[in-house]
Amino acid sequence: PLQEGHLLPALLLPGSSCCHHSPFIASRGWGPQGWTRLTVAPEPSWSDGCAVGRRTPEPKVGSVPGSLTASSSPIQAMGIKTALPAVELGLYSLVLSGALAYAGRGLLEASQDGAKRKAFRESVRPGWEYIGRKMDVADFEWVMWFTSFRNIIVFALSGHVLFAKLCTMVAPQLRSWMYAVYGVLAVVGTMGPWYLLLLLGHCVSLYVVSLSGQPWLCLSLGLASLASFKLDPLISWQSGFVTGTFDLQEVLFHGGSGFTVLRCISFALESCAHPERRYSLADLLKYNFYLPFFFFGPIMTFDRFHAQTLGIPQVSQMDPVRPEGELWRIRAQAVLSMVAIVAVDIFFHFFYILTIPSDLKYAHRLPDSALGSDDPVPPAGLAYSNLVYDWVKAAVLFGVVNTVARLDHLDPPRPPKCITALYVFAETHFDRGINDWLCKYVYDHIGGEHSAVIPELGATVATFAITTLWLGPCDIVYLWSCLNCFGLNFELWIQKLAVWGPLAQIEASLSEQMSRRVRAIFGAMNFWAIVMYNLVSLNSLEFTEMVAQRLLLKGFPRTTLAVLFVTYCGVQLVKERERTLALEEDQKQDKEKLE
């Protein structure tokens, strides 16, 4: 049957209280897979360092997020800028390309063979007539966004851009007010006036508490407000404020309310951190009701949004100055988003990667080995393709929203980092905005430099506790949070162990190239830990168990070693990209010093 709840990419929307009344249980994309993303890791990410992905401390709320710094230790820095022979990198590229082509062919054959199964009938339906194939429509969210709600989305965002341009021409000093008024009208037209009054109540209450100047009180009330949208009976009572009934009502309800609370918490904490700035209720409303970010994010912390819309004279000018080439980049992003949407639709006509995991009987028939098998495709390739699709979906939605935000002279959080390039838990995040929010107000505030075991444990537990509340407490969320909290802490323990005397001496005795190879082996294993931990919420616990059994038990050693070798090749190519970016950054800094 059609799986309900294929709703939003990781971190784009908080899950409803899935242990209570919501029909969207263990949903694809609504699940918490992106919430392992706890530390900002700007590109290039120095993934070979001992302190990989963990930032320097951000001591004060109200400060700007810090940046990753590579360790100065020769042992820790080993491999960061180490080049491998071109022949070796070419071999890695050849192996990875061949494995992806092999997996793609297998997925295509598996999709063709299963298209006529009864279990596929509800989620594999007629698609584009000129393609002549059925389409995988198991992702409820993707189908709704680009069919029945497509025109509404285009109309709302186009109207926002149009009114912003008119306001810039007529009364540029009122741009921020125009954003808020247009957002309020859009919310009223979509969800009704009572829903607007409900959100205004939460905004006013947090604004009043922010006047006390007590951060702990603001955070406590904010979390209580968030809990009221996640736990019965308050969630049932508040959902009654929505006018009418339509397919995406629950999605919009939880998106608007959840992100509203996070924005209000950010406003309150920044007000406490900077009492001299005297932020007003109007500032909060302008911040919260900015339409492109309102329902689905990404979220910008209040200090960044205020600086870019209210605190910089440039936005009040008749003709705001854009950086050179900015309009070209905006157009390129818009075109890229449109191409990605069309490409995903075409992909779903040939590859039924969302429907196959829902039919476990059919998935069990997939082969054990990634290489040397005449059968279609291993479950490992299917699991990987599901995570890649979820990243693409997040990138598309962020790309569309960020294009509009850049037209408004904002600098929104960048799109998510590709799942293929993630082999470190501390760098794993799909939503950089949520990542900044969690780091700034919870993770960095408790964990400090993230180098001590006990403070790091406390920071991760607190962060995942808030994340669990955000997603809606239920068994699958508890499991996901525990796994990823363990993964992040275990990574730190291994880093501590790596600088322990005997092991550090062993690594010091290796060449830099060999050190990079050894670290890539551990990176390959870590990559699959990230995949498996997040597959729990992305698909189902049953499918995750099946993939784990096939990789570690039934397929051992052939499947296990083959998949790890292919992953190792991919990690090495990612490291090479990071090395190139590191060298380019060094050259840029040297040039700036000379100037």
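Accessible areas here come from the Shrake-Rupley method with a 1.4 Å probe, and for residues only the protein chains shown count as cover. This is a predicted model, in which local features need pLDDT of at least 70 and side-chain atom pairs count only at pLDDT 80 or more, while totals for chains, interfaces and linings use all residues. Residues are numbered from 1 along each chain as its sequence is written, and side-chain values use heavy atoms, with hydrogens and water left out.

**View 1. The whole chain.** The accessible surface of the protein chain comes to about 25100 Å², and 67% of that belongs to carbon and sulfur atoms. You will find 22 helices and 2 strands in the chain; these are DSSP runs numbered from the N terminus (helices H or I, at least four residues; strands E, at least two). Of the 595 residues, 55% count as buried (buried is under 20% relative accessible area, exposed over 50%, partly exposed in between, with a 1.4 Å probe and protein chains only).

**View 2. The largest nonpolar core.** A nonpolar core is a set of buried Ala, Val, Leu, Ile, Met, Phe, Trp, Tyr and Cys residues joined through side-chain atoms within 4.5 Å. The largest has 72 residues, and Tyr195, Leu248, Phe295 and Trp437 have the most contacts inside it. Helix H9 (residues 249-273) gives the most to this core, with 12 residues. Zoom in on Tyr195 and you meet its contacts (heavy atoms within 4.5 Å), including Val187, Phe241, Leu252 and Phe253.

View 3. Asp444 sits in helix H16 (residues 432-447) and is buried, with a relative accessible area of 2%. Its side chain makes a polar contact with the side chain of His450 at 2.5 Å. Such a contact is a pair of N or O atoms within 3.5 Å; within protein, one must be able to donate a hydrogen and the other to accept it, and residues adjacent in sequence count only if both atoms are side-chain atoms.

**View 4. An edge-to-face ring pair.** Rings of Phe, Tyr and Trp (its six-membered ring) pair if their centres lie within 6.5 Å; planes under 30 degrees apart count as stacked, over 60 as edge-to-face and the rest as tilted. The count comes to 32 aromatic pairs. For Tyr287 and Phe302 the centres are 5.2 Å apart and the planes at 70°, so this pair is edge-to-face. Tyr287 belongs to helix H10 (residues 281-288) and Phe302 to helix H12 (residues 302-309).

Terms used: Lists of a residue's contacts leave out its neighbours within four places in sequence.
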